[in-house]
Amino acid sequence: MRAVLTWRDKAEQCVYDLAFKPDGTQLILAAGNRLLVYDTSDGTLLQPLKAHKDTVYCVAYAKDGKRFASGSADKSVIIWTSKLEGILKYTHSDSIQCVSYNPVTHQLASCSSNDFGLWSPEQKSVSKHKSSSRITCCSWTNDGQYLALGMFNGVISIRNKSGEEKVKIERPGGSLSPIWSICWNPSSRWENFWMNREHEDAEEALVNRYFQELPSTWKSAMYSSQGSEAEEEEPEEEDDSPRDDNLEERNDILAIADWGQKLSFYQLSGKQIGKDRLLNFDPCCISYFPKGEYILLGGSDKQVSLFTKDGVRLGTVGEQNSWVWTCKVKPDSNYVVVGCQDGTISFYQLIFSTVHGLYKDRYAYRDSMTDVIVQHLITEQKVRIKCKELVKKIAIYKNRLAIQLPEKILIYELYSDDSSDMHYRVKEKIVKKFECNLLVVCADHIILCQEKRLQCLSFSGVKEREWQMESLIRYIKVIGGPPGREGLLVGLKNGQILKIFVDNLFAVVLLKQATAVRCLDMSASRNKLAVVDENDTCLVYDIHTKELLFQEPNANSVAWNTQCEDMLCFSGGGYLNIKASTFPVHQQKLQGFVVGYNGSKIFCLHVFSMSAVEVPQSAPMYQYLDRKMFKEAYQIACLGVTDTDWRDLAMEALEGLEFETAKKAFTRVQDLRYLELINSIEERKKRGETNNDLFLADVFAYQGKFHEAAKLYKRSGHENLALDMYTDLRMFEYAKDFLGSEDPKETKMLITKQADWARNINEPKAAVEMYVSAGEHAKAIEISGDHGWVDTLIDIARKLDKAEREPLLMCAQYFKKLDNPGYAAETYLKIGDLKSLVQLHVETQRWDEAFALGEKHPEFKDDIYVPYAQWLAENDRFEEAQKAFHKAGRQGEAVRVLEQLTHNAVVESRFNDAAYYYWMLSMQCLDIAQADPAQKDVMLGKFHHFQHLAELYHGYHAIHRYTEEPFSFHLPETLFNISRFLLHSLTKDTPLGISKVNTLFTLAKQSKALGAYKLARHAYDKLQGLQIPARFQKSIELGSLTIRSKPFHDSEELVPLCYRCSTNNPLLNNLGNVCINCRQPFVFSASSYEVLHLVEFYLEDGITDEEAVALIDLEAPRHNKRESKWQEITSNNSQTLRLDETVDSMGDDDPFTAKLSFEQGGSEFVPVVVSRSVLRSMSRRDVLIKRWLPPLRWQYFRSLLPDASITMCPSCFQMFHSEDYELLVLQHTCCPYCRRRIDDPSP
């Protein structure tokens, strides 16, 4: 630090106090009984102010810059405006000793010998408070809450804004140590610092101190310097660096200077911080720097001293000829003004020199004059070493750090060899005062530079060697070497450059130039030397030949790249210049000094800080590339370039066929594609390929330079590779141009490839057209079909010849897939594929077309009807499916369908449907028996069985509905007849689904209702032996009881009559549904189940069915003229006999009646057999014929009551009373038994 006098003036009388205007433009001095106003920039006296009648002792400016106040021995205080006009005056009872403005509220405190007053612009009166002793000085805290008063009796009184005393500090010296000046620290962020050193006693501890890691955000208020050398530079700028205010503390610190010649510090609470500092003079004034980092003290020693914030003396600001009564720092600057007893006013600029050192990536610099911060430029780590004394010089080398203090030199070393370790410890102390210009540290020595002389000292302080130079030493730097034998590079003012080894007395002169040396550096291999001279020229020499290789202007510092021999950088004129080899300089803007160059990082010192600037080495790399120096370019790139630069290097090297460099560069950018190319080329080289044109063509192809690649392929005789390249890239036009008008096969191949490409890039329309033009119909059809382009497909199909079956079949398949069966049919017809056409009709369910085709081509009958039947079955049209199976000749499937339908109907209690399906099954069996004589007997047995089941289920349908549904749909007589019919029929095993309980329950209820009590009782008795559902239990038990009250006989009206033998049969017939007398089977109505007046008769042997019908149709005349009274109605649906008028009973002359007689009591059934004469005597109206299909014989029935009309269904041959049949047909529009529709003409 040094002070430079800016201006000086002399007043006629003593200057007791002064104050700066807050903006720093004006200075107010109290000199005699006047106030002097100066311009701070040049010391011009602007205006003297005379308003006081006696000596002015004090002056103070308000923080807002609007007012200032002066206090005088005339006991008055005057308030002035910034325009130098007095606006207010008030008085005390004694002379005014000091005045001070509150920094926040602008309240003015004025102190006299025995009291102090508080005045503010808001109040008219001044509130005054008595003091026990003379007040000599006062100061407000930063927040304006408290006012400290210094007393002549050695007491400090701390008051609040109202004047009330809050804290009283009594100094040990008492009245022997009057408090002469006090000041609050304007920045309270040093509280932690004071607290940390409160318990430090020994002076030794101040040196051998802790090392404290600093946050990387800490900005050091420091001029930075250059280089890996220890040197001292003195920049001319002001130290206006901003401080980090994140460390602000709440409590203020009060600095106290008393005439016991001590400097002390106190907290607001009154607690002392640290110990008293002995001054050895009487202090008259104390003031802080604006940010609180330094303290100014002036007094009886006739000088102003600079102290650190903790009271360590740093040096002298300016020596005077008389006592210094006042000194202040200009706001926000490093300018200091001093006022003396003899009236001298001196204005100084303080210049804080940079004390620093740099070695590679470690930079050490002085902070706050007493601390050393070591910064790692790469990791940005910082560590602070607190020395508690003025740091004069710093040197750093490898793991060594040397710090020169006023009375000693400290040597530090790193704790470990780790390159990132930042923890230092004291290795040695040289307790001796040294005077030197520069300081350098080596592994085992320190070097002191004293103008022309260099001294080498061991760490124990013993001088080992000394070198005397011819001229002043301007620059010194350690350039490395073994421990104890390091080399030093020394530059002199006379232009001489020397190399000195620590262990050698003789200096080696490297070269001598005409101009003084300003900066030096040696290349990594020590072959070249860069010098910056006093003319700002950078000169580069070959060390061995002493030849000047080149020189560049506008340089203030220079540094070689430690990782690359041929690269250096120099700074100057606001630019950074990078020079590689002898290439032109590359420039970019950069403020400051270059002090180091490591790889891609340039260490730059700018104003206050050292920073590592990442500089891509792109420019020099491209300079090497332009000269095809690929290996050198790669070395530069390794120092640090962008990915784009790496890629450019890789490409250039690849085009230059420098595969090794290209491979490294592509590896760096992780480009596997080009690495594979290089690998393949190297493999081909190993196999003996030497055609560089071919290699370069591959490279150009990879780079997208296709036309150049094609030319090289052609030149090397590989036209096919060029063609493959163009086709792979879909550059078909270029490929055609390349081919010219050569082989048409090649052209067709090109078109096909072009179509493939169009297909791949989702241009199917174009692909189809190209495939068609190239004759690739299959691919065109596939694309059209996949995209559903029916129009395109039919165009292709119609253009194709019918001999081209495969493409046409593909077309047909796609037509089917796209739901265009018409086009598919057209295509199949074109190629004559009738089987596929049949399949198409079947698959599309166009059954009419299929049937039509089947009629023309019977061989496809199975292919049509079987799928048709399956389709019907899948659509729940089982009956039609059964017929279709039947029609297709698949009798087995037809029967299976019917059996399944029947079973389902029974399981689902659809007994009406079950009866119908059993009837159909029986007819199916009859068809099979007719078609297959081998199965005749089996099938006829099944026919009769299924016919019997159909009758049972048909009858049970009514019983089921009666028992299961709430309402009855049949007359009691019908239910009675049906239940009797079922009871007589169920003599053996009961079919699935038919319930004996339901049947007997119905019979019991209807018998009871109709008066057949005996039968009802029998039914109830039978029910007792069966498992009865819970819902019938109560009803049956009640019925069983109530039937006991009825007579034990049946109503005679219900007793059935045998129409053959006229025997009344019991209601409960053990023989079943036959007459108990003649064993003639009863014929039942299929609706009411009454016994019909029909008797079955058989033909004599030898009479055929056709002859019998012919004989009956003859109708021989009868004597009783019955013919005229009976009317026969024959239609497609039925045969009906109707009696037109009442006639007498048959005559005894009827031959058939005679045949009815039989012997009584015979146990065997004797059928009625008629001869031709009997047949001839019969009337066609009296005979009903069941015309069964072969192999069954027809059945003949004779009506014995011509007056009762009977109708027989011509399909199922079931008999009905005509009235019942007509009603049922009207209800159902079909036969209730076989479901033959009335409009169906077939029998």
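## Contacts around Trp 919

Contact means that heavy atoms lie within 4.5 Å. By that rule, and leaving aside neighbours within four places in sequence, Trp 919 is in contact with Gln 947, Ala 950, Ser 1211, Cys 1212, Tyr 1233 and Cys 1234.

The model is predicted: local features need pLDDT of at least 70, side-chain atom pairs count only at pLDDT 80 or more, and totals for chains, interfaces and linings use all residues. Residues are numbered from 1 along each chain as its sequence is written, and side-chain values use heavy atoms, with hydrogens and water left out.

## Nonpolar cores

A nonpolar core is a set of buried Ala, Val, Leu, Ile, Met, Phe, Trp, Tyr and Cys residues joined through side-chain atoms within 4.5 Å. Buried means under 20% relative accessible area, exposed over 50%, and partly exposed in between (1.4 Å probe, protein chains only). The largest nonpolar core has 63 residues, of which Trp 919, Tyr 953, Leu 982, Leu 1094 and Met 1215 touch the most other members. Among the elements that give two or more residues to this core are α22 (891–907), α23 (911–931) and α24 (936–964). Helices (H or I, at least four residues) and strands (E, at least two) are DSSP runs, numbered from the N terminus. The largest share of the core, 14 residues, comes from α23.

A second, separate core of 51 residues includes Ala 395, Val 441, Leu 498 and Val 502.

Two strands pair if DSSP finds at least two bridges between them. Strand β14 (residues 135–140) pairs with β15 in the antiparallel sense over five bridges, and Trp 140 stands opposite Leu 147 in β15. The hairpin of these two strands has five residues between them, and Gly 144 takes a positive phi near 75° there.

Strand β15 (residues 146–151) is mostly covered, with five of its six residues buried. An antiparallel pairing over five bridges also links β15 to strand β16 (residues 155–160), where Ile 156 is the bridge partner of Gly 150. In the hairpin of β15 and β16, with three residues between the strands, Gly 154 has a positive phi near 85°.

Six bridges join β56 (residues 601–606) to β57, and Leu 605 has Met 610 of β57 as its bridge partner.
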